[in-house]
Amino acid sequence: MKREFKVLSTVLYMMLLCIFLGACGNSENAYFKGQYLYMDGTEYIEATGLYKESNTIIGKTSDDYTIYEVDGDSEHNYIVIRSFFDQNLYVRKDYVKDKTVIEALCFNQSTSKFVYDESFIDSFIKELLEDESILEIDNNTLMSYRTSGIDVYIKYANDSVSEYCGSIIYDGSKYLYFNAQNSTTILVSEEEKKMLEKFEILKK
């Protein structure tokens with residue numbers, strides 16, 4: 001009798017636990033309104049960038065979207081909205097990214113491998129981000145080169161989402177850099193090309 005009571009108690013406990021966890025997991029704390037998402041009173045808007053999604057669930061919407069935390073962003077400046085078919089990044093509408101310090105550069109989206117070397121970052125900024133020797137190139141040609149180019153993402157210090165800043169492209173005879181921040185294209189110098197080869201971004 002005691003054995004049966006113990007088994008029954010265990011089953012009852014597990015049932016109550018499942019109901020409790022289900023209720024917590026299904027609690028809705030977010031909703032869409034136009035182009036915005038509201039979660040716990042905070043307004044978010046869709047964003048783009050390179051990020052790592054964590055396994056931490058921080059919210060749900062009434063239309064079956066689950067909200068995940070971005071890895072390294074416990075303050076939830078960014079959030080990831082996921083359904084069975086979709087995955088989108090959102091950012092707090094009032095969030096201002098601090099672009100004072102560039103911490104790393106990424107040249108491979110699939111592996112999210114970053115280069116943190118300060119000398120390389122300094123060279124890249126000087127040679128490519130701040131160079132004003134602009135080349136004339138039509139948009140159609142530029143777009144055709146960009147499809148096979150290397151997209152570059154900047155990781156700013158104290159920010160969890162890296163920002164697309166441009167693409168290294170090849171026109172058949174020379175390397176160019178398309179600067180997405182001001183929509184200009186410049187020639188990659190031989191010195192910078194060697195630096196890119198040194199860090200295996202370009203093949204020798």
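Which residue of E12 is the bridge partner of Ser167? The close-up views below, taken from a predicted model, begin with this pairing and then turn to the neighbouring strand and the core.

**View 1. Strands E11 and E12 pair in the antiparallel sense.** The bridge partner of Ser167 in E12 is Phe178, and the pairing of E11 (163-170) with E12 extends over 5 bridges. In the hairpin that these strands form, 4 residues lie between them, and Gly172 takes a positive phi near 105°.

**View 2. Strand E12 is largely enclosed by the rest of the structure, because 4 of its 5 residues are buried.** E12 covers residues 175-179 and is also joined by 4 bridges to E13, residues 184-187, with the two strands running antiparallel. Here Tyr177 has Ile186 of E13 as its bridge partner, and the hairpin of E12 and E13, again with 4 residues between the strands, includes Ser183 in its turn, where phi is positive at about 55°.

**View 3. The largest nonpolar core contains 20 residues.** Within this core, Phe107, Phe120, Phe124 and Tyr177 are the residues that touch the most other members. At least two core residues come from each of helix H2 (118-129), strand E10 (150-156), strand E11 (163-170) and helix H4 (190-198), and H2 gives the most, with 5 residues.

**View 4. Phe120 and the residues it touches are shown in close-up.** When residues up to four places away in sequence are not counted, Phe120 touches Leu105, Phe107 and Val115, as well as Met195, Leu196, Phe199 and Ile201. Both Phe120 and Phe107 are among the core residues that touch the most other members.

Notes:
Residues are numbered from 1 along each chain as its sequence is written. This is a predicted model: local features need pLDDT of at least 70, side-chain atom pairs count only at pLDDT 80 or more; totals for chains, interfaces and linings use all residues. Side-chain values use heavy atoms; hydrogens and water are left out. A nonpolar core is a set of buried Ala, Val, Leu, Ile, Met, Phe, Trp, Tyr and Cys residues joined through side-chain atoms within 4.5 Å. Buried means under 20% relative accessible area, exposed over 50%, partly exposed in between (1.4 Å probe, protein chains only). Contact means heavy atoms within 4.5 Å. Two strands pair if DSSP finds at least two bridges between them.
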